[in-house]
Amino acid sequence: MKIGFVVNDVMTEKAEYTTTRLAMHATNMGHEAWLMGMGNFAYEPDGSLSARARAGDGKNYRSLERYIEDVQKPTAEERLPLSEFDVVMLRSDPADDAQGAAWANNAGVAFGQLIASTGVLVVNDPSSLANALSKAYFQHFPEIVRPTTLISRDQEQIVDFVKELGGRAVLKPLQGSGGSGVFLVNTDESPNMNQIIEAISRDGYVVVQEYLEEAKNGDVRMFVMNGKPLMMNGKYAAFRRKASGSDMRSNMSAGGKAVAVKVTDEMLAMVDVVRPKLVADGMFLVGLDIVGDKLMEVNVFSPGGLGSCAALYDEHFAVAVIEDLERKLEISKHYNGALSNVGLATI
(Lines give C-alpha, C1' and ligand atoms only; values in the text may rest on other atoms or scores of the structure.)
Protein backbone atom coordinates (compact mmCIF):
# COMPACT_ATOMS: atom_id res chain seq x y z
CA MET A 1 0.00 0.00 0.00
CA LYS A 2 1.25 3.47 -0.88
CA ILE A 3 -0.13 5.97 1.59
CA GLY A 4 0.28 9.73 1.76
CA PHE A 5 -0.14 11.80 4.93
CA VAL A 6 -0.98 15.46 4.34
CA VAL A 7 0.23 17.77 7.12
CA ASN A 8 0.58 21.53 7.47
CA ASP A 9 4.32 21.47 6.78
CA VAL A 10 6.49 18.36 6.83
CA MET A 11 9.48 20.29 8.16
CA THR A 12 7.60 21.39 11.30
CA GLU A 13 6.23 17.95 12.14
CA LYS A 14 7.35 16.54 15.49
CA ALA A 15 8.11 13.04 16.68
CA GLU A 16 5.24 13.02 19.19
CA TYR A 17 2.55 13.88 16.64
CA THR A 18 -0.07 11.23 15.88
CA THR A 19 0.57 11.59 12.13
CA THR A 20 4.25 10.74 12.65
CA ARG A 21 3.20 7.67 14.61
CA LEU A 22 0.77 6.54 11.90
CA ALA A 23 3.35 7.02 9.15
CA MET A 24 6.11 5.21 11.06
CA HIS A 25 3.90 2.21 11.83
CA ALA A 26 2.74 2.09 8.20
CA THR A 27 6.41 1.98 7.17
CA ASN A 28 7.19 -0.76 9.69
CA MET A 29 4.23 -2.77 8.36
CA GLY A 30 5.84 -2.82 4.91
CA HIS A 31 3.93 0.03 3.27
CA GLU A 32 5.26 3.11 1.49
CA ALA A 33 4.44 6.07 3.72
CA TRP A 34 4.99 9.59 2.40
CA LEU A 35 4.45 12.92 4.14
CA MET A 36 3.46 16.01 2.15
CA GLY A 37 2.63 19.57 3.17
CA MET A 38 -0.33 21.77 2.29
CA GLY A 39 1.82 23.77 -0.10
CA ASN A 40 3.40 20.79 -1.86
CA PHE A 41 0.66 19.96 -4.39
CA ALA A 42 0.59 20.71 -8.10
CA TYR A 43 -2.09 20.41 -10.77
CA GLU A 44 -0.02 19.65 -13.87
CA PRO A 45 -0.74 21.05 -17.38
CA ASP A 46 -1.80 17.59 -18.55
CA GLY A 47 -4.46 17.41 -15.80
CA SER A 48 -2.51 15.04 -13.56
CA LEU A 49 -1.76 15.70 -9.90
CA SER A 50 1.61 15.56 -8.18
CA ALA A 51 3.16 16.46 -4.85
CA ARG A 52 6.56 16.97 -3.31
CA ALA A 53 6.68 14.27 -0.65
CA ARG A 54 9.09 12.85 1.91
CA ALA A 55 9.63 9.36 3.32
CA GLY A 56 12.00 7.65 5.69
CA ASP A 57 14.59 5.36 4.09
CA GLY A 58 14.50 2.77 6.87
CA LYS A 59 12.40 -0.39 7.07
CA ASN A 60 11.89 -1.02 10.79
CA TYR A 61 11.96 2.05 12.99
CA ARG A 62 12.00 1.76 16.77
CA SER A 63 12.19 5.48 17.39
CA LEU A 64 9.74 8.16 16.29
CA GLU A 65 12.57 10.68 16.61
CA ARG A 66 14.76 8.72 14.21
CA TYR A 67 11.88 8.32 11.78
CA ILE A 68 10.99 12.02 11.53
CA GLU A 69 14.68 12.88 11.38
CA ASP A 70 15.01 10.70 8.28
CA VAL A 71 11.86 12.18 6.72
CA GLN A 72 13.18 15.72 7.19
CA LYS A 73 16.62 15.07 5.66
CA PRO A 74 17.44 17.42 2.75
CA THR A 75 17.74 14.45 0.39
CA ALA A 76 14.41 12.82 1.35
CA GLU A 77 12.11 14.85 -0.93
CA GLU A 78 10.75 13.62 -4.27
CA ARG A 79 7.99 14.78 -6.61
CA LEU A 80 5.50 11.94 -7.07
CA PRO A 81 2.37 11.44 -9.20
CA LEU A 82 -0.55 11.26 -6.80
CA SER A 83 -2.27 8.70 -9.02
CA GLU A 84 0.31 6.19 -7.71
CA PHE A 85 -1.11 6.39 -4.19
CA ASP A 86 -3.68 4.00 -2.77
CA VAL A 87 -4.69 6.18 0.19
CA VAL A 88 -4.20 9.81 1.19
CA MET A 89 -4.93 10.87 4.77
CA LEU A 90 -5.69 14.55 5.26
CA ARG A 91 -4.12 15.30 8.64
CA SER A 92 -3.50 19.06 8.68
CA ASP A 93 -4.64 21.25 11.59
CA PRO A 94 -6.67 24.25 10.33
CA ALA A 95 -5.74 26.29 13.42
CA ASP A 96 -2.03 26.12 12.56
CA ASP A 97 -2.57 27.94 9.26
CA ALA A 98 -5.39 30.27 10.34
CA GLN A 99 -3.14 33.30 10.72
CA GLY A 100 -0.01 32.94 8.60
CA ALA A 101 -1.38 30.87 5.71
CA ALA A 102 -5.15 31.27 5.56
CA TRP A 103 -5.10 29.93 1.98
CA ALA A 104 -3.85 26.52 3.07
CA ASN A 105 -7.03 25.06 4.55
CA ASN A 106 -9.18 25.62 1.47
CA ALA A 107 -6.33 24.50 -0.78
CA GLY A 108 -5.84 21.27 1.16
CA VAL A 109 -9.53 20.39 0.92
CA ALA A 110 -9.66 21.36 -2.78
CA PHE A 111 -6.69 19.17 -3.68
CA GLY A 112 -8.16 16.40 -1.53
CA GLN A 113 -11.30 16.52 -3.66
CA LEU A 114 -9.23 16.42 -6.85
CA ILE A 115 -7.24 13.44 -5.57
CA ALA A 116 -10.43 11.58 -4.62
CA SER A 117 -11.82 12.20 -8.12
CA THR A 118 -8.98 10.10 -9.56
CA GLY A 119 -10.02 7.03 -7.57
CA VAL A 120 -7.52 7.38 -4.71
CA LEU A 121 -9.15 6.84 -1.31
CA VAL A 122 -8.98 10.11 0.63
CA VAL A 123 -9.78 10.16 4.36
CA ASN A 124 -11.41 11.89 5.98
CA ASP A 125 -13.70 12.61 3.02
CA PRO A 126 -12.58 16.03 1.67
CA SER A 127 -16.04 17.20 0.59
CA SER A 128 -17.29 16.73 4.14
CA LEU A 129 -14.15 18.34 5.56
CA ALA A 130 -14.99 21.42 3.50
CA ASN A 131 -18.17 21.73 5.56
CA ALA A 132 -16.24 21.26 8.79
CA LEU A 133 -13.75 24.12 8.45
CA SER A 134 -15.61 26.00 11.18
CA LYS A 135 -17.14 24.90 14.49
CA ALA A 136 -20.58 25.46 12.94
CA TYR A 137 -20.24 21.87 11.64
CA PHE A 138 -20.67 20.72 15.23
CA GLN A 139 -24.17 22.19 15.33
CA HIS A 140 -25.33 19.61 12.79
CA PHE A 141 -24.99 16.85 15.37
CA PRO A 142 -28.04 15.93 17.49
CA GLU A 143 -28.98 18.52 20.11
CA ILE A 144 -29.06 15.95 22.90
CA VAL A 145 -25.26 15.57 22.87
CA ARG A 146 -24.41 19.27 22.52
CA PRO A 147 -24.12 21.92 25.26
CA THR A 148 -26.44 24.93 24.94
CA THR A 149 -24.75 27.18 22.40
CA LEU A 150 -25.00 30.63 20.85
CA ILE A 151 -22.98 31.69 17.79
CA SER A 152 -23.03 35.44 17.27
CA ARG A 153 -21.00 38.65 16.86
CA ASP A 154 -23.55 40.78 18.70
CA GLN A 155 -22.00 41.84 22.01
CA GLU A 156 -25.31 42.64 23.69
CA GLN A 157 -26.82 39.33 22.63
CA ILE A 158 -23.78 37.44 23.92
CA VAL A 159 -23.86 39.20 27.29
CA ASP A 160 -27.59 38.50 27.69
CA PHE A 161 -27.07 34.85 26.79
CA VAL A 162 -24.29 34.48 29.38
CA LYS A 163 -26.66 35.92 31.99
CA GLU A 164 -29.33 33.39 30.95
CA LEU A 165 -26.78 30.65 31.57
CA GLY A 166 -26.35 31.86 35.14
CA GLY A 167 -23.40 34.12 34.53
CA ARG A 168 -20.79 31.52 33.52
CA ALA A 169 -19.94 30.46 29.98
CA VAL A 170 -17.12 29.41 27.69
CA LEU A 171 -16.29 31.75 24.80
CA LYS A 172 -14.17 30.72 21.81
CA PRO A 173 -13.71 31.62 18.14
CA LEU A 174 -15.79 29.86 15.49
CA GLN A 175 -12.54 29.09 13.65
CA GLY A 176 -9.56 27.43 15.28
CA SER A 177 -8.69 24.61 17.66
CA GLY A 178 -6.08 23.48 20.15
CA GLY A 179 -7.46 25.64 22.96
CA SER A 180 -6.46 28.89 21.25
CA GLY A 181 -8.63 31.86 22.20
CA VAL A 182 -10.79 29.94 24.70
CA PHE A 183 -12.07 31.90 27.72
CA LEU A 184 -14.17 31.11 30.78
CA VAL A 185 -16.20 34.21 31.64
CA ASN A 186 -18.26 35.10 34.68
CA THR A 187 -20.50 38.19 34.65
CA ASP A 188 -19.81 38.82 38.35
CA GLU A 189 -16.05 38.34 38.22
CA SER A 190 -15.08 39.23 34.64
CA PRO A 191 -15.26 42.98 34.07
CA ASN A 192 -13.23 42.32 30.93
CA MET A 193 -15.98 40.27 29.23
CA ASN A 194 -16.73 43.00 26.69
CA GLN A 195 -13.06 43.20 25.77
CA ILE A 196 -12.91 39.41 25.43
CA ILE A 197 -15.91 39.45 23.10
CA GLU A 198 -14.35 42.23 21.05
CA ALA A 199 -11.05 40.36 20.79
CA ILE A 200 -12.67 37.13 19.58
CA SER A 201 -15.18 38.79 17.24
CA ARG A 202 -12.39 40.75 15.58
CA ASP A 203 -11.54 37.57 13.66
CA GLY A 204 -15.11 36.35 13.12
CA TYR A 205 -17.99 34.82 15.03
CA VAL A 206 -17.99 34.00 18.73
CA VAL A 207 -19.11 30.60 20.01
CA VAL A 208 -20.70 30.83 23.46
CA GLN A 209 -21.35 27.56 25.31
CA GLU A 210 -22.79 26.74 28.69
CA TYR A 211 -20.11 25.97 31.26
CA LEU A 212 -20.27 22.36 32.45
CA GLU A 213 -19.18 21.77 36.04
CA GLU A 214 -17.60 18.46 35.05
CA ALA A 215 -15.07 20.47 33.02
CA LYS A 216 -13.07 21.06 36.19
CA ASN A 217 -12.03 17.40 35.88
CA GLY A 218 -10.88 17.91 32.31
CA ASP A 219 -12.36 16.30 29.23
CA VAL A 220 -12.14 12.88 27.60
CA ARG A 221 -10.64 12.42 24.14
CA MET A 222 -12.08 9.31 22.51
CA PHE A 223 -10.97 8.08 19.10
CA VAL A 224 -13.73 6.88 16.80
CA MET A 225 -13.00 4.94 13.60
CA ASN A 226 -15.72 4.13 11.06
CA GLY A 227 -18.25 5.52 13.53
CA LYS A 228 -17.23 3.11 16.30
CA PRO A 229 -14.87 3.48 19.28
CA LEU A 230 -11.32 2.59 18.27
CA MET A 231 -10.30 -0.51 20.21
CA MET A 232 -7.36 -2.90 20.33
CA ASN A 233 -7.25 -6.09 22.38
CA GLY A 234 -10.28 -4.99 24.37
CA LYS A 235 -8.85 -1.57 25.22
CA TYR A 236 -10.36 1.74 24.10
CA ALA A 237 -8.27 4.50 22.54
CA ALA A 238 -9.45 7.12 25.01
CA PHE A 239 -7.94 9.17 27.80
CA ARG A 240 -8.79 12.03 30.12
CA ARG A 241 -7.07 15.36 29.49
CA LYS A 242 -6.62 17.27 32.73
CA ALA A 243 -5.84 20.98 32.75
CA SER A 244 -2.55 22.16 34.21
CA GLY A 245 -2.85 24.42 37.24
CA SER A 246 -5.69 26.93 37.02
CA ASP A 247 -5.84 26.86 33.21
CA MET A 248 -9.31 25.63 32.19
CA ARG A 249 -8.07 24.37 28.83
CA SER A 250 -7.34 20.65 28.88
CA ASN A 251 -5.98 20.46 25.31
CA MET A 252 -2.58 18.78 25.18
CA SER A 253 -1.25 21.72 23.16
CA ALA A 254 -2.36 24.00 26.00
CA GLY A 255 -0.45 22.05 28.66
CA GLY A 256 -3.02 19.39 29.50
CA LYS A 257 -1.96 16.04 30.99
CA ALA A 258 -3.20 12.65 29.79
CA VAL A 259 -4.44 10.07 32.30
CA ALA A 260 -6.20 6.74 31.86
CA VAL A 261 -9.99 6.79 31.76
CA LYS A 262 -12.75 4.23 32.13
CA VAL A 263 -15.06 4.39 29.13
CA THR A 264 -18.63 4.52 30.46
CA ASP A 265 -21.93 3.37 29.01
CA GLU A 266 -22.87 7.05 28.69
CA MET A 267 -19.84 7.70 26.48
CA LEU A 268 -20.65 4.71 24.31
CA ALA A 269 -24.26 5.88 24.01
CA MET A 270 -22.97 9.25 22.83
CA VAL A 271 -20.95 7.53 20.09
CA ASP A 272 -24.12 5.71 19.03
CA VAL A 273 -25.91 9.05 18.64
CA VAL A 274 -23.19 10.67 16.47
CA ARG A 275 -22.31 7.54 14.47
CA PRO A 276 -24.87 8.02 11.66
CA LYS A 277 -23.57 11.47 10.74
CA LEU A 278 -19.91 10.50 11.01
CA VAL A 279 -20.49 7.53 8.70
CA ALA A 280 -22.66 9.50 6.27
CA ASP A 281 -19.95 12.18 6.05
CA GLY A 282 -17.11 9.71 5.45
CA MET A 283 -15.32 10.65 8.67
CA PHE A 284 -12.94 7.71 8.97
CA LEU A 285 -10.96 8.75 12.06
CA VAL A 286 -12.13 11.45 14.46
CA GLY A 287 -11.58 12.55 18.03
CA LEU A 288 -14.58 13.18 20.27
CA ASP A 289 -14.04 15.58 23.17
CA ILE A 290 -16.44 14.70 25.97
CA VAL A 291 -17.31 16.52 29.20
CA GLY A 292 -19.83 14.75 31.43
CA ASP A 293 -22.77 13.76 29.25
CA LYS A 294 -22.05 16.34 26.55
CA LEU A 295 -19.88 16.42 23.45
CA MET A 296 -17.75 19.57 23.39
CA GLU A 297 -16.10 19.12 20.01
CA VAL A 298 -15.65 16.71 17.11
CA ASN A 299 -12.10 16.88 15.75
CA VAL A 300 -12.34 15.62 12.18
CA PHE A 301 -9.07 17.07 10.84
CA SER A 302 -6.11 15.93 12.91
CA PRO A 303 -7.17 14.29 16.18
CA GLY A 304 -4.09 13.77 18.30
CA GLY A 305 -3.31 11.60 21.28
CA LEU A 306 -2.63 8.11 19.89
CA GLY A 307 0.79 8.35 21.54
CA SER A 308 -0.85 9.01 24.91
CA CYS A 309 -3.15 6.03 24.35
CA ALA A 310 -0.18 3.82 23.47
CA ALA A 311 1.69 4.88 26.62
CA LEU A 312 -1.31 4.49 28.91
CA TYR A 313 -2.54 1.12 27.66
CA ASP A 314 0.54 -0.42 26.03
CA GLU A 315 -1.23 -0.85 22.69
CA HIS A 316 -0.19 0.45 19.26
CA PHE A 317 -3.58 1.79 18.17
CA ALA A 318 -1.93 3.27 15.07
CA VAL A 319 -1.50 -0.29 13.76
CA ALA A 320 -5.26 -0.83 13.97
CA VAL A 321 -5.81 2.32 11.89
CA ILE A 322 -3.42 1.20 9.15
CA GLU A 323 -4.89 -2.32 9.16
CA ASP A 324 -8.34 -0.87 8.59
CA LEU A 325 -7.10 1.08 5.58
CA GLU A 326 -5.68 -2.20 4.23
CA ARG A 327 -9.13 -3.75 4.69
CA LYS A 328 -10.85 -0.93 2.81
CA LEU A 329 -8.52 -1.27 -0.16
CA GLU A 330 -9.11 -5.02 -0.28
CA ILE A 331 -12.87 -4.43 -0.34
CA SER A 332 -12.57 -1.76 -3.05
CA LYS A 333 -10.83 -4.23 -5.39
CA HIS A 334 -14.08 -6.17 -5.71
CA TYR A 335 -16.09 -3.13 -6.81
CA ASN A 336 -13.96 -1.73 -9.67
CA GLY A 337 -14.37 1.87 -8.54
CA ALA A 338 -18.13 1.61 -8.00
CA LEU A 339 -17.86 2.66 -4.33
CA SER A 340 -17.87 6.39 -3.66
CA ASN A 341 -15.06 7.93 -1.63
CA VAL A 342 -17.44 8.92 1.16
CA GLY A 343 -18.85 5.38 1.27
CA LEU A 344 -15.49 3.58 1.24
CA ALA A 345 -14.05 5.94 3.87
CA THR A 346 -16.20 4.53 6.67
CA ILE A 347 -17.19 1.11 5.34
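The model is a predicted one, in which local features need pLDDT of at least 70, side-chain atom pairs count only at pLDDT 80 or more, and totals for chains, interfaces and linings use all residues. Residues are numbered from 1 along each chain as its sequence is written, and side-chain values use heavy atoms, with hydrogens and water left out.

Helices (H or I, at least four residues) and strands (E, at least two) are DSSP runs, numbered from the N terminus. Two strands count as paired if DSSP finds at least two bridges between them. On that basis, 4 strands form an open sheet in the order E8-E11-E9-E10, with antiparallel pairing. Strand E8 (149–152) and strand E10 (183–186) sit at the edges with a single partner strand each, so one side of each has no neighbour in the sheet. On average, and ignoring direction, neighbouring strands here are turned by 25° against each other. E8 pairs with strand E11 (residues 206–210) in the antiparallel sense, over 4 bridges; there, Ser 152 stands opposite Val 206 in E11.

Angles run from 0 to 180 degrees between N-to-C directions, and axes are lines fitted to C-alpha atoms, for helices over the stretch in contact. Helix H6 (residues 155–164) touches E8, strand E9 (168–173), E10 and E11, and its direction makes about 170° with that of E8. Helix H7 (residues 193–201) touches E9, E10 and E11, its direction making about 25° with that of E9.

Elsewhere, strand E1 (residues 2–7) and strand E2 pair in the parallel sense over 6 bridges, with Glu 32 in E2 as the bridge partner of Lys 2. From E1 the chain passes through helix H1 (residues 18–28) to E2, a right-handed β-α-β crossover (with the strands pointing away from the viewer, the path from the first strand over the helix to the second runs clockwise). Burial is set by relative accessible area: under 20% is buried, over 50% exposed and in between partly exposed (1.4 Å probe, protein chains only). E2 (residues 32–37) is mostly covered, with 5 of its 6 residues buried.

H1 is largely enclosed by the rest of the structure, because 10 of its 11 residues are buried. Those buried residues pack against E1, E2, helix H2 (64–71), strand E6 (87–90), H9 and H10. Just after H1, Gly 30 takes a positive phi of about 95°.

The axes of H1 and H2 come within 10 Å and cross at roughly 90°, so the two helices are roughly perpendicular (65 to 115 degrees; under 35 is roughly parallel, over 145 roughly antiparallel and the rest oblique). Thr 20, Arg 21, Ala 23, Met 24 and Thr 27 of H1 meet Leu 64, Tyr 67 and Ile 68 of H2.

Helix H9 (residues 306–313) has 6 of its 8 residues buried, so H9 too is largely enclosed by the rest of the structure. Its buried residues are Leu 306, Gly 307, Ser 308, Cys 309, Ala 310 and Tyr 313, and their cover includes H1, strand E12 (219–225) and helix H10 (317–333). The H1 and H9 axes come within 8 Å, crossing at roughly 70°, which makes H1 roughly perpendicular to H9. Thr 18, Arg 21 and Leu 22 of H1 make this contact with Leu 306, Gly 307 and Ala 310 of H9.

Methods. Contact = heavy atoms within 4.5 Å.
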